[in-house]
Amino acid sequence: MATPARPSSLPSPPSPARQVPELDPALVAKWQAGGGELVDLFVEARERLGGVAAFRLGPRPTVLITAPEAVQHVLALRPDRYVKRSHRARLLIGDGVLAATGDAWQRQRRLLQAQFTGRGMRRYEQRITDAARTAAARWDAYARTGQVFDLGEEMRRFALDTIWRSLTGHPLDPGTERELAAVPAVVAALPSLPADTAAAQGAVADELARIDAVASRAIAAARDGEAGPDGPGLLHLLVEAAGTRPEYTDRLIRDELVTLLVAGHETTATTLTWLYLLLDRYPHAREQALAAGADGSPERRQAVQALVSETLRLYPSAWMLPRCAAEDDLLAGYEIEAGTDLFVCPYLTHRDPGLWEDPELFDPARFTTPGRRPDAPGSYLPFGIGPRACLGLQFALRESTVLLEHLLPAHTPRFRSTPTRTVYGITVRPDGPTPATVDG
């Protein structure tokens, strides 16, 4: 007698939960003995075990997440179960919104959120444009004189000028620029600092003191009501918040200011540096962007934005996102125990050949041609996704696009040499200088 068919309205029985597949300890030992980069271990785990994989560096396994479904689950659907335990840059940014957790994070995020979307972003349009024009004037001078300059430093200078104008209402002056060179110095040093907090602080004490002095002067000026040529900046909002929110002490205002400085210029400068290095290898991409439409046209802007988007695919602002499981969970069919450390890795998700055609190729058309990019949530996340996604996503994309609209039609950099290695630290950055001249 035939077995009756199961009515389609009844749910199928759940599949039994599985243990996350774990990388052979011998391979981990080989990686450790060879002094490899963490990204090399990630690649080994992903290639051998798939988009949810584990490896053991201590008594407990660490789980690597690259599959879009699992990425979406951890960052967007269950952020309360997968939490940030401590930010690697806390030494520099203190209790700023990037490092804050729980109720404090919610309050800080809520205050800043409106500044980086919709009407809030319109406040910064002229400041972004003025910073781009200042950078374009420098490049005009470089073209006239044949001066050799470091392109990475030039991108950092532009991005720092942009965020400083937005924070204070003032263009970046040479003295402040010199003092704030301490910010990238600390960011670069963070991965190699001692684990002991006091020893780490001692190693970068001079740089932190310079940053604190700049922050203190800026806060004092904002408190005195000093507005720049473009009016008050975001720092004035933080100072005003102290009048009704006792948690906004001078220390927290300092931490938010430094957080916005770090997040607002370091990642943008790195992205723009990578973009120009990629255009040096793929010059047709620049030609295609300029040929997409007239100067100022929506078609040209879309093509320029695609250059940025594709650069962020290859070199996402946050190349890995650490989380900790706050409670037991079932993730893509796998058991996750409370206390498990996880690494979500956008860098590898963006280079997954199962998601992206020819993933190592720089191809901006992925972002202008329908059907060329995966539509599964969690496939593309250069700024993270979910409630803890980067606040300044729209700001970063806008300033990058505006600068390129000014520079791409007029100038082509010619590199004297290019870096041969990549550093996987707080950001993914080129390891070395980028000396160049410009044609124009």
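Leaving aside neighbours within four places in sequence, Thr349 is in contact (heavy atoms within 4.5 Å) with Thr66, Val71, Leu355, Trp356, Gly378, Ser379 and Leu381. The model is a predicted one, in which local features need pLDDT of at least 70, side-chain atom pairs count only at pLDDT 80 or more, and totals for chains, interfaces and linings use all residues. Residues are numbered from 1 along each chain as its sequence is written, and side-chain values use heavy atoms, with hydrogens and water left out.

Thr349 belongs to helix α17, residues 346-349. Helices here are DSSP runs of H or I with at least four residues, strands are runs of E with at least two, and both are numbered from the N terminus. With a relative accessible area of 0%, Thr349 is buried. The classes used throughout are buried for under 20% relative accessible area, exposed for over 50% and partly exposed in between, with a 1.4 Å probe and protein chains only.

Another buried residue is Glu405, whose relative accessible area is 17%. Glu405 sits in helix α18. From Glu405 to Glu44 there are 361 residues in sequence, and the C-alpha to C-alpha separation in space is 40 Å.

Most residues other than glycine have a negative phi, and most peptide bonds are trans. Ala332, although not a glycine, has a positive phi of about 50°. Ala332 is placed in the loop between β6 (329-331) and β7 (334-336), and its relative accessible area of 27% makes it partly exposed. Asp358 is not a glycine either, and has a positive phi of about 45°. The loop between α17 and α18 holds Asp358, which is partly exposed at 48% relative accessibility.

Helix packing comes next. Two packed helices are described by the angle between their axes and the distance between the axes. Here the axes are lines fitted to C-alpha atoms, for helices over the stretch in contact, and the angles run from 0 to 180 degrees between N-to-C directions. Angles under 35 degrees count as roughly parallel, over 145 as roughly antiparallel, 65 to 115 as roughly perpendicular and the rest as oblique.

Helix α12 (residues 205-223) and helix α13 (residues 234-241) have axes that come within 9 Å and cross at roughly 75°. The two helices, α12 and α13, are therefore roughly perpendicular. On the α12 side the contact is made by Ala218, Ile219, Ala222 and Arg223, and on the α13 side by Leu235, His236 and Val239. This contact of α12 with α13 has five nonpolar, one polar and one charged residues. In this classification, Ala, Val, Leu, Ile, Met, Phe, Trp, Tyr, Cys and Pro count as nonpolar, Asp, Glu, Lys and Arg as charged, and the others, Gly among them, as polar.

Helix α13 is mostly covered, with six of its eight residues buried. The buried residues of α13 are Leu234, Leu235, His236, Leu238, Val239 and Ala241. Their cover includes α5 (102-113), α8, α12 and α14.

By class, the contact of α10 with α14 has four nonpolar, one polar and one charged residues.

On a 1 Å grid over the protein atoms alone, a cavity is a set of points where a 1.4 Å probe fits but cannot get out, a pocket is an open set with protein on both sides within 12 Å along at least five of seven lines, and lining residues have an atom within 4 Å of a point. Grid points are joined across faces, edges and corners, and a volume is the space filled by probe spheres set on the points.

The second largest pocket has a volume of about 300 Å³. It is lined by 18 residues, of which Glu153, Arg156, Arg429, Pro430 and Gly432 are the closest to its centre. Two or more lining residues of this pocket come from each of α8 (151-168), α10 (182-189), α14 (250-281) and β11 (428-430).

The count of cavities of 30 Å³ or more comes to three, and the largest cavity has a volume of about 50 Å³. The lining of the largest cavity divides into five nonpolar, five polar and no charged residues.
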